[in-house]
Structure formats: C-alpha cells, structure tokens
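Q: I'd like to talk this one through with you. Could you take a look and answer a few quick questions?

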Amino acid sequence: METWDAIRSRRDVRAFAERPLADADLDRILEAGRRSPSSRNWQPWDFVVVTDREQLAELATVWQGAGHVAGSAATVAIVAPIVEEARRQTEFFDLGQAAISMMFAAADLGIGSGHSAVGDHDLARRILGLPEDRICAHLVPLGYPAERPLAPLSRPDRRPFDEVVPRGRW
Ligand SMILES: Cc1cc2nc3c(=O)[nH]c(=O)nc-3n(C[C@H](O)[C@H](O)[C@H](O)COP(=O)(O)O)c2cc1C
C-alpha cells in the first residue's frame with residue numbers, strides 16, 4: 001500500500017479474523033515503533049508482544065474497553081517507565097507516536113489495529129511480568145479485520161476539514 005492509502009485506510013478494528021500474522025509482518029510493525037521519533041531521542045518504550053490465546057484473554061480484562069484484545073492475533077503492550085509528573089506529558093506524546101507508527105505500518109500490510117487503554121495497571125503488570133518501575137501505558141491489538149478488509153475511507157468520521165484547519169489565525 002502507498003503511505004497515503006495506509007493513512008486513509010487505518011481505522012480502529014475491534015473484530016479480528018482467526019488468521020495469524022506472519023512473523024516478518026509482526027516484526028516490521030514493531031520495527032516501525034522502534035524507529036519512532038521521541039523527545040531528545042529518549043525512546044521511553046518497550047513493546048511486549050503477546051500472541052498466546054489465554055494470555056490475550058487475560059489481557060482483555062485490564063480495561064472495560066479492552067475486550068477486543070482477546071480476539072487479536074497479537075497485541076503489543078506499550079510499556080514505559082514510571083516518571084515524575086514533569087516528564088509524563090513528553091512520555092505520553094512519545095508513546096502515542098510509537099503507537100501510530102505501528103498502526104500505520106500495520107495498515108500498510110492490510111493488518112487492522114485498535115487502541116486500548118489500560119484501567120487496572122497492577123493487573124496488567126502481573127499479566128505481563130513487568131517490574132514495579134514500569135507501566136503498561138497502552139495496548140495495540142493487531143489482526144486481519146474479521147469483516148471489511150482495510151481500504152481507503154472516502155468519508156471518515158471526522159470533524160470537517162475547514163473547521164479543523166484555520167489558516168494563519170484561529
Ligand atoms: C489514547 C486512546 C485510547 C483509546 N482507548 C480505547 C479503548 O480503550 N477501547 C477502544 O475500543 N478504543 C479505544 N480507542 C480508540 C478510539 O475510540 C478511536 O481511535 C476513535 O473512536 C476513532 O476511531 P476510528 O479511527 O476508527 O475512526 C482509543 C484511542 C486513543 C487515541
């Protein structure tokens with residue numbers, strides 16, 4: 001897929017096909033995350049990859065909006081150090097960039113992705129075996145869409161372009 005097509009095709013997918021992901025495709029998605037930019041090249045992320053069906057089902061319980069993790073072919077847990085308030089905003093921006101890099105790389109391969117937040121951080125830490133100084137900040141479930149394959153959306157559910165883009169002044 002061309003970059004522009006990948007950008008227009010990505011949407012949050014919450015129902016995944018049984019089809020597994022090729023190792024090389026999963027590695028490419030993770031490599032996209034690894035290559036993401038970060039403030040002062042801090043790279044505050046680690047990506048724990050979960051493919052075991054039982055572990056995915058457990059991970060799906062860390063948040064009320066994480067149910068779709070259970071049916072994913074793989075879920076990337078974006079893990080970060082617990083930092084003081086002053087650095088938190090920078091860290092979350094960096095993690096968000098890593099997340100979208102992986103999601104676009106996935107879309108480029110026709111693979112769907114669907115963010116999930118984490119509600120119960122202690123539970124996520126136990127399931128993933130994280131040390132006390134790390135937190136699972138986001139989950140990125142991945143898999144081929146169960147229904148419509150990814151294709152450029154002509155009318156995305158977004159605010160109108162002219163409303164979002166003032167020119168020169170607000
Ligand atoms: C920071 C963040 C957290 C999100 N958390 C969840 C979540 O916990 N569960 C979920 O189903 N979707 C979650 N989403 C997905 C959003 O609901 C989704 O991106 C938005 O509705 C737009 O969807 P679309 O790109 O398919 O149009 C999250 C998105 C972001 C950016």
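Q: How many nonpolar, polar and charged residues are in the lining of the largest pocket?
A: The lining has four nonpolar, no polar and seven charged residues, where Ala, Val, Leu, Ile, Met, Phe, Trp, Tyr, Cys and Pro count as nonpolar, Asp, Glu, Lys and Arg as charged, and the others, Gly among them, as polar. Please keep in mind that this is a predicted model, in which local features need pLDDT of at least 70 and side-chain atom pairs count only at pLDDT 80 or more, while totals for chains, interfaces and linings use all residues. Residues are numbered from 1 along each chain as its sequence is written, and side-chain values use heavy atoms, with hydrogens and water left out.

Q: Which residues line the largest pocket?
A: The lining is made up of Trp4, Ile7, Arg8, Arg10, Arg11, Asp12, Arg148, Leu153, Pro156, Asp157 and Arg158. On a 1 Å grid over the protein atoms alone, a pocket is an open set of points where a 1.4 Å probe fits, with protein on both sides within 12 Å along at least five of seven lines, and lining residues have an atom within 4 Å of a point.

Q: And what volume does the largest pocket have?
A: The volume is about 340 Å³, taken as the space filled by probe spheres set on the grid points, which are joined across faces, edges and corners.

Q: Switching to the inside: which residues touch the most other members in the largest nonpolar core?
A: Leu21, Phe47, Val76, Ile78 and Leu142 do, in a core of 24 residues. A nonpolar core here is a set of buried Ala, Val, Leu, Ile, Met, Phe, Trp, Tyr and Cys residues joined through side-chain atoms within 4.5 Å, and buried means under 20% relative accessible area, exposed over 50% and partly exposed in between, with a 1.4 Å probe and protein chains only.

Q: Which elements give two or more residues to this core?
A: Helix H2 (23-34), strand S2 (74-81), helix H4 (85-108) and strand S4 (134-143) do, and H4 gives the most, with seven residues. Helices (H or I, at least four residues) and strands (E, at least two) are DSSP runs, numbered from the N terminus.

Q: What is Leu142 in contact with, beyond its neighbours within four places in sequence?
A: Its contacts (heavy atoms within 4.5 Å) include Phe16, Leu21, Leu26, Ile29, Ala74, Val76, Ala106 and Ile111. There is also a second, separate core of 17 residues, which includes Val50, Leu59, Val118 and Leu130.

Q: Now the charges: how many salt bridges does the structure hold?
A: The structure holds ten, a salt bridge being a side-chain nitrogen of Lys or Arg within 4 Å of a carboxyl oxygen of Asp or Glu. One of them joins the side chains of Arg28 and Asp108 at 3.4 Å, N to O, and this pair links distant parts of the chain, with Arg28 in H2 and Asp108 in H4, 80 residues apart.

Q: Is Arg28 buried, partly exposed or exposed?
A: Arg28 counts as partly exposed because its relative accessibility is 45%, and Asp108 is also partly exposed, with a relative accessible area of 25%.

Q: How far apart are Glu31 and Arg34 in helix H2?
A: Glu31 and Arg34 are three residues apart, so about one helical turn separates them, and they form a salt bridge whose closest N and O atoms are 2.7 Å apart. Glu31 is partly exposed at 25%, whereas Arg34 counts as exposed at 52%. Arg35 joins Glu31 and Arg34 in a network of salt bridges.

Q: What about Arg88 and Glu85, where do they lie?
A: Both lie in helix H4, three residues apart, about one turn of the helix, and the closest N and O atoms of their salt bridge are 3.0 Å apart. Arg88 is partly exposed at 37%, while Glu85, at 58%, counts as exposed.

Q: Last topic, backbone angles: what is phi of Arg40?
A: Phi of Arg40 is near 55 degrees, a positive value in a residue other than glycine, and phi of Asn41 is likewise near 55 degrees.
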